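Open the structure in your viewer and keep the selection tool at hand. The tour below goes from stop to stop, saying what to select and what is there.

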Amino acid sequence: MNKATRNTLHRLDHLTINAWTAFPIFILVVYFVFWCTFFLGQYPMDWIQAGVDAVALWLNAILRPEWLRALVVDGILAGVGGVLVFLPNIIILYLLLSVMESTGYMGRAAFIMDKVMHGMGLHGKSFIPMIMGFGCNVPAIMATKDIQNPKNRLITILVIPFMSCSGRLPVYLLFVAAFFPQKGPVVLMGIYCLGMLLAICAAKILSFVIPGKSEHDNVDIRPYTAPDMKYVLGNTWSQAREYLQKLAGPILIFSVALWIAGYFPRAEQGASAVQQKEQSFIGMMGRAMDPVLQPIGLNWRDGVAIVAGVGAKELIVSTLGVMYGDSANNADIDEPTHAGIQGALVAAHSTAGALAFLVFVLLYFPCIGTFFAIRNATGGWKWPFISCITNILVAWVMAFATFNLFTALL
């Protein structure tokens, strides 16, 4: 490394850990990540969506009998295709996070957050697993093994579910594109920051509740380096492959099961597709949740999607695609299927209700994988159940506050 390069890296290092410049740079970096995820990801997302819509039109024209057409188009394609279109956004997010980690910037972010997190009952070393939670909560919880202090480790494990995993990102993108198309990066950043803020607040409360002594763990800062593209591309591909495997496995299976539950029992002859779904098994389950959902501006279809998200957060989008697909078709919307579903969502929700839905999805029950990861990391069932119950209660209270606040403001 020549002298000029060393001087440049030294100046960059000074800026990214300096008390006056570190936080503004960190905020700009995070905003840039969300800007790229939302706006740059929109182009390949539109291309994939055009392909999905073309396949849907073709299958609509050739498939008979009607039940088979409905199963393939309204069940499988609406569910799997509705999630597939967000693959480019997932790739962009993981690519940028991998670059930040590979260059050494993540270590510096942990360093500058050390004092802030220390005041909230955590330390800078907890910051890396929390940031990893933006990708997936499961490996983030596994990464807490590097935290030596047992109390710090347990607190970090319990607050990681507040960090918004990539499985929730398609839900945000769907609603943000429908309700806030011009303010996408700001809304996305606000959602992620809310999760981080609540994680820090929860850590402060847990620091008083959980017995034991909290000790400081040193944060290691390695020199800045050029991004290791083998690592960056390998990690990005690994996450993209996992996303595609979910499409071919649980999302496909659940989409078919959801369609069946919405197809039976059959309504009276002449009933619309929407009426059929309301009177089906899935409609019965959804309507039973109405007393809990109405105070936060949601409806029974949203409730079905929320329950589906317990298996994997990506299932929320596929479920919304199946649940609102009929409304989109009955509304005589001539735009592509995806735009039609967005239109159906706008028709079914107020802006305050949409924000409440996003807040609830951000905070409620983590997926089954995260539940078992907490169980394995803590060695028992106590903390996983405490975590899940707490997250559901916090999600409902925050969604209720969001709905009523923005109903008054908008």
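Helices (H or I, at least four residues) and strands (E, at least two) are DSSP runs, numbered from the N terminus. This is a predicted model, in which local features need pLDDT of at least 70 and side-chain atom pairs count only at pLDDT 80 or more, while totals for chains, interfaces and linings use all residues. Residues are numbered from 1 along each chain as its sequence is written, and side-chain values use heavy atoms, with hydrogens and water left out.

**Stop 1: a surface patch**

Select tyrosine 43, which has its place in helix α3. Tyrosine 43 is exposed, with a relative accessible area of 53%; buried means under 20% relative accessible area, exposed over 50%, and partly exposed in between (1.4 Å probe, protein chains only).

Helix α2 supplies the largest share, 4 residues.

**Stop 2: aromatic rings**

Select phenylalanine 38 and phenylalanine 39. How far apart are the centres of their rings, and at what angle are the planes? The centres are 5.0 Å apart and the planes stand at 85°, so the pair is edge-to-face. Rings of Phe, Tyr and Trp (its six-membered ring) pair if their centres lie within 6.5 Å; planes under 30 degrees apart count as stacked, over 60 as edge-to-face and the rest as tilted. Phenylalanine 38 is buried at 4% relative accessible area, whereas phenylalanine 39 is partly exposed at 30%.

The whole structure holds 18 aromatic pairs. For an aromatic cluster, select Phe365, Phe371, Phe372, Trp381 and Phe385.

**Stop 3: salt bridges**

Side chains of opposite charge can pair when their charged atoms come close. A salt bridge is a side-chain nitrogen of Lys or Arg within 4 Å of a carboxyl oxygen of Asp or Glu. By this rule there are 3 salt bridges.

Begin with arginine 69 and glutamate 66, whose side chains meet in a salt bridge at 2.8 Å, N to O. The two are 3 residues apart in helix α4 (residues 66-84), so about one helical turn separates them. Is arginine 69 buried or exposed? Arginine 69 counts as buried, at 13% relative accessibility, while glutamate 66 is partly exposed at 46%.

Next select aspartate 74, which forms a salt bridge with arginine 69 at 3.3 Å, N to O. Both of these residues are buried.

Then move to lysine 246 and glutamate 314, a salt bridge with its closest N and O atoms 3.2 Å apart. This pair links distant parts of the chain, with lysine 246 in helix α13 (residues 229-263) and glutamate 314 in helix α18 (residues 314-330), 68 residues apart. Lysine 246 is partly exposed, with a relative accessible area of 23%, and glutamate 314 is buried at 5%. Shared partners join Glu66, Arg69 and Asp74 into one network of salt bridges.

**Stop 4: glycine 79**

Go back to helix α4 and select glycine 79. Its relative accessibility is 0%, which counts as buried. Which residues does glycine 79 touch, not counting those up to four places away in sequence? They are Ile251, Ser255, Ser318 and Val322; contact means heavy atoms within 4.5 Å.

**Stop 5: the end of α5**

Select threonine 103 in helix α5 (residues 87-103). Threonine 103 is buried, with a relative accessible area of 14%. A polar atom of its side chain lies 3.2 Å from the backbone oxygen of methionine 100. Leaving aside neighbours within four places in sequence, threonine 103 is in contact with Arg222, Pro223, Tyr224, Thr225, Ala226 and Pro227. A polar contact is a pair of N or O atoms within 3.5 Å; within protein, one must be able to donate a hydrogen and the other to accept it, and residues adjacent in sequence count only if both atoms are side-chain atoms.

**Stop 6: an enclosed helix**

Finish at helix α17 (residues 300-308), where 8 of the 9 residues are buried, so the helix is largely enclosed by the rest of the structure.
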